[in-house]
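Please look over the sequence and the model shown below.

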Amino acid sequence: MIHMTAHRQKKYNNPVTATLTGIGDLFRKQEPAGRLTDSDRLDGKTVLVDGASSGLGFAIATDCARRGARVIMACRSGIPEKGEKIKRITGNRDIHMLPVDFSDVQSIRNLVSAIREKFGSVDIGICNAGIVPRQSRKTPQGLEEMFMVNYFSKFILINLLLKNDVFKVEESAPSTFSAQGKRVGRSAVPRIIFIASESHRNPEKFEWDDFGKYRDYTIGKSIELYGYYKLLLTTFSFELSRRLNPDGTVRCSVFSMCPGPVNSNIAREAPKVFRPLLKMVFGIFFKSPAKAAVPVLYLAASPDLDGRVFDYLFLMGRKAIDEKAANPENGQRLWELSGDLFHKIENE
Ligand SMILES: NC(=O)c1ccc[n+]([C@@H]2O[C@H](COP(=O)([O-])OP(=O)(O)OC[C@H]3O[C@@H](n4cnc5c(N)ncnc54)[C@H](OP(=O)(O)O)[C@@H]3O)[C@@H](O)[C@H]2O)c1
């Protein structure tokens, strides 16, 4: 079970405090890391966005299309109508949809094969899909669904994409600066972006002995576990950056971010009695998906970030990730446990 200090528990341990924390965060002053401008284009880039059928993911895919990217939308639903909608809105015809269910390992394998066969390579990968389930559910491989969708599927997807050379990590141009220090062009270094959450700071510690084990829970525990899986995701992202850029030379930028509270469909499984209230609060206080997508597009498209091995943004502000997530021992342990679990599933 996840243990928390009294202070941490206040912030994200139930839907009400999590919502209030999110609203409070929106009004906190912050120094922006930079600015997304219209000249931050993605022409010639192939961008993979998952969970692009709804909410933030749909808004990210739309803005990527507007900025000239070839967009691959990896989705569980909305095929082909969501892609067609983006073509209509943006006029960009280079929009493609591929099916995936992140709760199923075989479906992730199929997605990777389809990306490799149809597109060869991807320049920017945006791992966005996420859920807050009403209760625990078993995946086809017997794992817990939120563990799988919010964390483990990303470990599997990114590792399979890297293994299949879909991200051109080795061939990347190391620098976009001339000897005089002037910018000479856009970086070819791939970027991998994870949509995490500030709630990753909430759990007090890792529960290594329970890693990957199925557990029963209901809605009350769901929010708490959501923060725990975002901690796993943030720890993985930092460890991934360390492994891809071992000597500090940038071969692949890895970014993570929290979009703040977004008026999306994330609370779709909330108990029926709360839904009208949540809808109203989300509508009044939360950011529209298009606004919430701005920092994601900044991470994807801005040349300001060329040369960075890792970054974490909360809204548009740069922040340090939680110290547990940044600890290399934790990163190493998580990587090993995740790899072992994946091998076990592969051999079953
Ligand atoms: N909303 C917030 O306030 C907030 C705050 C911080 C972080 N985030 C994060 O932002 C990300 C996007 O969420 P959102 O707010 O935009 O919620 P959303 O509107 O519910 O979108 C979630 C997306 O994930 C997809 N998805 C869920 N389960 C999947 C599965 N098994 N396989 C494939 N795709 C799956 C959904 O597909 P379907 O449409 O087919 O279900 C949908 O496209 C999540 O990672 C979330 O944790 C959200």
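What follows describes the salt bridges and then the nonpolar cores.

This is a predicted model, in which local features need pLDDT of at least 70 and side-chain atom pairs count only at pLDDT 80 or more, whereas totals for chains, interfaces and linings use all residues. Residues are numbered from 1 along each chain as its sequence is written, and side-chain values use heavy atoms, with hydrogens and water left out.

Side chains of opposite charge can pair when their charged atoms come close. The structure holds 16 salt bridges, a salt bridge being a side-chain nitrogen of Lys or Arg within 4 Å of a carboxyl oxygen of Asp or Glu. One of them joins Lys 87 to Glu 84, with the closest N and O atoms 3.1 Å apart; these two residues are 3 residues apart in helix α4 (residues 81–90), which means that about one helical turn separates them. Helices (H or I, at least four residues) and strands (E, at least two) are DSSP runs, numbered from the N terminus. Lys 87 is buried at 13% relative accessibility, while Glu 84, at 33%, is partly exposed, where buried means under 20% relative accessible area, exposed over 50% and partly exposed in between (1.4 Å probe, protein chains only).

In helix α7 (residues 219–244), Glu 224 and Lys 221 are likewise placed 3 residues apart, about one turn of the helix, and their side chains meet in a salt bridge at 3.2 Å, N to O. Here Glu 224 is buried, with a relative accessible area of 12%, and Lys 221 is partly exposed at 22%.

The salt bridge between Arg 109 and Glu 346 (2.0 Å, N to O) has another setting. Because Arg 109 lies in helix α5 (residues 105–119) and Glu 346 in helix α12 (residues 328–347), the pair ties together parts that are 237 residues apart in sequence. Arg 109 is partly exposed at 24% relative accessibility, and Glu 346 is partly exposed at 34%. A network of salt bridges also links Arg 137, Glu 145 and Glu 269.

Turning to nonpolar packing, a nonpolar core is a set of buried Ala, Val, Leu, Ile, Met, Phe, Trp, Tyr and Cys residues joined through side-chain atoms within 4.5 Å. The largest such core has 69 residues, of which Tyr 151, Phe 152, Ile 158, Phe 236 and Leu 240 touch the most other members. Among the elements giving it two or more residues are β2 (70–75), β5 (191–195) and α7, and α6 gives the most, with 13 residues.
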